[in-house]
Structures are given as structure tokens and as C-alpha cells.
Amino acid sequence: MSAIQELAPYISAYQGIIKQAKDDQHYTIDRLVEESGVSRSAVTKLCAGIQQDPKLYNSAALCRVLGLSLDSCSGLSSLQKARKT
């Protein structure tokens with residue numbers, strides 16, 4: 001199985017994780033845009049579930065603002081643990 005195939009379920013879930021964290025922490029789109037520096041268009045598309053391939057630096061900035069681990073959101077931490085065993 002390729003790395004892309006292994007990561008696909010995590011990447012598919014990423015948009016929902018960001019939206020849920022945004023909602024749980026009572027962030028507005030405007031506040032998330034301001035604090036992250038990510039464009040309004042990208043944040044809006046991501047939260048609407050229509051962003052196909054979020055850019056790495058956008059993902060990292062949003063995770064930082066929302067207090068999320070980029071490794072966890074992308075599945076990297078889970079896959080690293082699985083490969084060590």
C-alpha cells in the first residue's frame with residue numbers, strides 16, 4: 001500500500017476535524033482568517049468541506065491556531081506508531 005493510500009482516510013477527515021475544532025472553540029471564519037493568516041477563500045472552502053487539497057502551510061497555520069497536532073490530523077502520528085510495532 002502506498003503512503004497516499006494509507007493517508008487518504010486521515011486527509012478525508014481533516015476538513016471535519018478543522019470545522020469541529022473551529023465550532024467547539026467558537027471561532028468565526030473572520031477570526032480564524034485573522035489569526036491564521038490563511039485566506040478567507042481557503043478557510044471558507046475548508047469549513048464547507050469543498051477544499052480538495054489543502055496546502056501544507058495553510059493546514060499547519062490552522063492547526064497551530066486551533067491547538068491541533070498536524071501529525072494527528074494528517075494521520076502521520078498513527079502511521080509512525082504502527083510502523084514501529
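Good morning. I begin just after helix α4, where G67 takes a positive phi of about 70°. Helices here are DSSP runs of H or I with at least four residues, strands are runs of E with at least two, and both are numbered from the N terminus. This is a predicted model, in which local features need pLDDT of at least 70 and side-chain atom pairs count only at pLDDT 80 or more, while totals for chains, interfaces and linings use all residues. Residues are numbered from 1 along each chain as its sequence is written, and side-chain values use heavy atoms, with hydrogens and water left out.

Let me turn to the whole chain. The protein chain contains 6 helices and 0 strands. Its radius of gyration, taken over C-alpha atoms, is 13 Å, close to the 12 Å that the globule rule gives for 85 residues, so the chain is as compact as a globular protein of that length. That rule is 2.2 Å times the number of residues to the power 0.38. Along the principal axes, the C-alpha atoms fill a box of roughly 40 × 20 × 20 Å. Of the 85 residues, 31% count as buried; buried means under 20% relative accessible area, exposed means over 50%, and partly exposed lies in between, with a 1.4 Å probe and protein chains only. Among contacts (heavy atoms within 4.5 Å) with a separation of 6 or more, 61% join residues 24 or more positions apart.

Leaving aside residues up to four places away in sequence, L32 touches K22, Y27, G37, V43, L62, V65 and L66.

Which helices do the buried residues of α4 pack against? They pack against α1, α2 (29-36), α3 and α5. The buried residues of α4 are N58, S59, A61, L62, C63, V65 and L66. N58 counts as buried because its relative accessibility is 14%. Beyond residues up to four places away in sequence, N58 touches V38 and A42.

Finally, the largest pocket. Its volume is about 170 Å³, and the residues that line it are I11, Y14, D53, P54, L56, S59, L70, S74 and L76. On a 1 Å grid over the protein atoms alone, a pocket is an open set of points where a 1.4 Å probe fits, with protein on both sides within 12 Å along at least five of seven lines; lining residues have an atom within 4 Å of a point. Grid points are joined across faces, edges and corners, and the volume is the space filled by probe spheres set on them. Helices α1, α4 and α5 (70-74) each give two or more residues to this lining.

P54 is partly exposed, with a relative accessible area of 26%. Not counting residues up to four places away in sequence, P54 touches Y14, L46 and S59. The C-alpha atoms of P54 and I11, 43 residues apart along the chain, are separated by 9.2 Å. Thank you.
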